[in-house]
Every structure is written in structure tokens, then in C-alpha cells.
Amino acid sequence: MRPCFIKSFTFISLLIFNLFTAHGKSIVFESLYVFDSDHNHLKMLQNQSDLTIDQVSKYGYELYGPKGLTKWAKQINLNFIDLGQLENSNSKNFSGYPTTAEIESQLKRLQDKYPEILHLISIGKSVDGKELYFMKISDNPEIDEVEPEVKYIANMHGNEIVGRELMVKLIEDLAISYTNADQRIRQLVDNTEIYIMPTMNPDGSDKKRRGNSRWVDLNRDFPDFTTTDNQNNYNNRAPETVAVMKFQDSRNFCLSANFHGGAVVVNYPWDTTGDTPPLHDLIVDLSKEYASQVPGMYNSTRFAGGITNGYDWYHINGGMQDWSYNWYDDLQVTIELSDNKWPSYSEIPKFYTSNKASLIRYLERIHQGAGFTISKSLSGEVTINKISSQSNSKTLVGRYHFRNGEYYKVLEAGLYEFAISTTSGNDLSFNTTVKKDTTSIRGNYTRL
Ligand SMILES: [Zn+2]
């Protein structure tokens, strides 16, 4: 195909597509699997802001777009199959799974049964008016305590269902273990504020589709520091996206994971750029540790060690992971749990068993860090330097904002200096040690 031919088709098609999209967002109304083993068309397709690429492999990739995508793909001679039809042929797997309403009942039942550590919080509503729930798991769950905050979000792609089921199972498991006085789980729950969102896209999961009820791809809907959509605002975003953004802004999350399906791998920042992210070695360490305990992930023949940098795999824009890390220093990885996005329900226990150790361990990893508390009315900036034990020299880790008198950061093991300047003009500093893989996990806070 001659390039100019592709170009003119692209131009015309974009005009057509724009008739269907309100604001040039990633609308995932039609879905294809494109066979393109040489990735001949990949760059061209990635450059179309209205199209969404996912799950790139040596065989090809998934391609999503607004109404008219299939017709256009035929016109430019892409070799593809219709994913929508394929998923329908997979529909025997739909049976057995709870609906969103049933998930809601399960969560309420769990909260009623374990009120001493579970507290259900709705952070907003989906397009179709369904509540968007986080389960908070902590001692005194209705009180905001000075404890590091970690979160899991699953099922932001409605048709990637394994994560939703694993989250509900994990909540129940933590509650049962806590009640049975499992010392490890007690230590975790007593010293951590854990937030778990089984489904960010309840409309999508009920409709067995990737996008939300307006066909918006939620994992392309976040602000992106590498594009023109680089302001952290709520304009033109899906209600599900806005709800998560507002909740994030109201909390102090500093470690999180985001669960998907379609491959088996831990994908770490950045997704949007080939630049090395801050605390790269720590990110790789966290990712490796997750993958290492999941059979079939660590010994993957496709991804060395079961992990990949997002951008090295395939770049995306508007993803939640990069938004979270860039704007909130909330270190987030994207965990792909299953090759089949919607496996038979009978396979769920197997996925839970494979991931359970890593799911719990990742939550514990928040305690490899340090923070401080200061008068609640104070906000300001903290500069964190790592101090070399040999030379006593300092290396800048980063400068971060804190608010409401509380700050916490996940760090590599070592000795650190926290230098704080408050908005009211006070300067103070302290040194603190972060231990590797702390077994005695208590919030490592310095009270100022
Ligand atoms: Zn996904």
C-alpha cells in the first residue's frame, strides 16, 4: 500500500470518526484483532488519536475505534477479525459470573460480617448510575488514621473480568485471616489503609465490553503529561475517571496496582515515554517480586521475568498508571492477570491461588518507605535526599508536595534526609532509615 494512499484515507476517516466522537476521545465502539506480525501498520494506527491499540504481540494487536472502524480497516486492507464476534462466540464463559448488582451485595455482606476492619465507600456513580465502590480495609476503618495508603483498582476494562473476582476474594480472605488472628495479616491490616476497588467499570462488565456505557476507554481517559491533554483537570472525562481522580486527590496513596487481562505480565511505568521513571530500580524490584510468585508469570516465554516496561511493550496515552505516578507520586503498576480476558468462571479459583501470595506481598511493600506527620493545618514541600553511608554525600530523590499534615513515600532501602518547608515559612529536617523488606511492618513515620 502506498503511504500517500494510507494518509488520505486516514485523513478522510478521521473526519468521519470525528462525527461520532464528542471530543476526540478513545471511543471503543468497534473492536478488531489485526494480524500484523511485522507491525507494518502499527505506527500509523498509533498515530490516530481516535484509535486505541492494545495487547501488542508478535502476531498483531487489538484495535479499537468508533463506529466505522471495521469499514475503514477493510478499505485500507488490514488483515483482521472482528473481536466483537469472537467475544460473542466466547459467551458460554459469561455464565456463572456475578452481575454488578450481585458484586454490590457481596461487598455489603462482607462489610456487615466484618465491620471491625471493612468499610465500603462509594466514590461516585457510573454513566448508568451504578455506585463505584472501594472497600477500605484497616483497623478502625471508619477513621482516617496516620497509616500508609495503598490501593488496588480492577476491571476498568469491563471485559477484563478476572481482576474483579480476585479483588472480592482478596477482601474476604483478608477479613477471614484477620478474624482468625493470622499474625501477618493482622500486622498488615492494623498498620495500613488498604483500598480495593473490584470494578471501576460496572457498566462495562455488565455489558461485557471494554469501554464504559458511552464506549469510552477508561484507561485512555486520564490526563497525560506527554500530550496536549496535560492538565490535571476533570474536563471532558468519563464520570468513572473523574470519580477516581477526585478520590485520589482526597487521599495520600503512594503505592497502587491496576488489574487487567489479555496477557500475563506486570507492566511498569512509563507507558507514555521511553524516559526512565523516578525510582526505576525500586519499580522493577516491586514488579519482579510480584511476578516471581505467580506460576506462569515469572517463567513467561514472552516477557523476561514476567515483567515489562510499558513503553517498551507498546506506548499508550491517557493511562491511569502514568497519571497516578506523575501527578501524585503514587507508584502504580499494571498487572495483566490472564491471557483470556473472560475465562470460564470455574477457572477463577486457580487464578486466585496463583496470585494470592503476590497480592498480599505487594500490599506489604508499602511499608518499605518513610513519612512524617506535622500539624494538620500545614502543607508545603518536602525534598528527599538519599545519604550515602560511605561518603556521607547526598543524592536528590525528588521534591514532593504534602498536605493536611501527612506525607509518606515508598523508597529503596537506605538512609534519607527529609527537608521540609511549609507554606507558613517553617523549615525543618530529619533523617530516617528505610529498611529493606521490613518484616516488622509499622508505619515508619517521624512525628514533627
Ligand atoms: Zn485492560
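Helices, strands and cut-offs

Modeller: Helix H6 (residues 162-179) and helix H7 (residues 183-190) have axes that come within 8 Å and cross at roughly 110°. This is a predicted model, in which local features need pLDDT of at least 70 and side-chain atom pairs count only at pLDDT 80 or more, while totals for chains, interfaces and linings use all residues. Residues are numbered from 1 along each chain as its sequence is written.

Colleague: What makes H6 roughly perpendicular to H7?

Modeller: The angle of roughly 110°. The term covers 65 to 115 degrees, so H6 is roughly perpendicular to H7. The crossing of H6 and H7 is left-handed, meaning that the near helix is turned anticlockwise from the far one by less than a right angle.

Colleague: Which residues make the contact between H6 and H7?

Modeller: Leu-174, Ser-177 and Tyr-178 on H6, with Ile-185, Arg-186 and Val-189 on H7. Contact here means C-beta atoms, placed from the backbone, within 7 Å. By class, four of these residues are nonpolar, one is polar and one is charged.

Colleague: Why is helix H12 called largely enclosed?

Modeller: A residue is buried if 20 or more other C-beta atoms lie within 10 Å of its own. Eight of the nine residues of H12 (residues 320-328) are buried, so the rest of the structure largely encloses this helix. The buried ones are Met-320, Gln-321, Asp-322, Trp-323, Ser-324, Tyr-325, Asn-326 and Tyr-328. They pack against helix H9 (239-250), strand E9 (253-260), helix H11 (310-313) and strand E12 (331-336).

Colleague: What makes Glu-160 count as buried?

Modeller: Glu-160 has 25 C-beta neighbours inside 10 Å, and that is why it counts as buried. Glu-160 lies in the loop between E7 and H6. Leaving aside residues up to four places away in sequence, Glu-160 touches Asn-155, His-260, Gly-261, Gly-262 and Lys-341. The C-alpha atoms of Glu-160 and Leu-337 are 9.1 Å apart, although 177 residues separate the two along the chain.

Colleague: Why do strands E15 and E18 stand at the edges of their sheet?

Modeller: Four strands form that open sheet, in the order E15-E14-E17-E18, with antiparallel pairing. E15 (394-402) and E18 (427-434) each have a single partner strand, so one side of each has no neighbour in the sheet. Neighbouring strands here are turned by 20° against each other on average, direction ignored. Strand E14 (residues 380-387) pairs with E15 over eight bridges in the antiparallel sense, and the bridge partner of Asn-385 in E15 is Leu-396.

Colleague: How do you know that E1 and E4 pair?

Modeller: Three bridges join E1 to strand E4 (residues 80-82) in the antiparallel sense; Tyr-33, for instance, has Ile-81 in E4 as its bridge partner. E1 (residues 30-35) also runs antiparallel to strand E3 (residues 60-65), joined by six bridges, where Val-34 stands opposite Tyr-61.

Notes: A residue is buried if 20 or more other C-beta atoms lie within 10 Å of its own, exposed if 12 or fewer, and partly exposed in between; C-beta atoms are placed from the backbone. Helices (H or I, at least four residues) and strands (E, at least two) are DSSP runs, numbered from the N terminus. Two residues are in contact if their C-beta atoms, placed from the backbone, lie within 7 Å. Axes are lines fitted to C-alpha atoms, for helices over the stretch in contact, and angles run from 0 to 180 degrees between N-to-C directions. Angles under 35 degrees count as roughly parallel, over 145 as roughly antiparallel, 65 to 115 as roughly perpendicular and the rest as oblique. Ala, Val, Leu, Ile, Met, Phe, Trp, Tyr, Cys and Pro count as nonpolar, Asp, Glu, Lys and Arg as charged, and the others, Gly among them, as polar. Two strands pair if DSSP finds at least two bridges between them.
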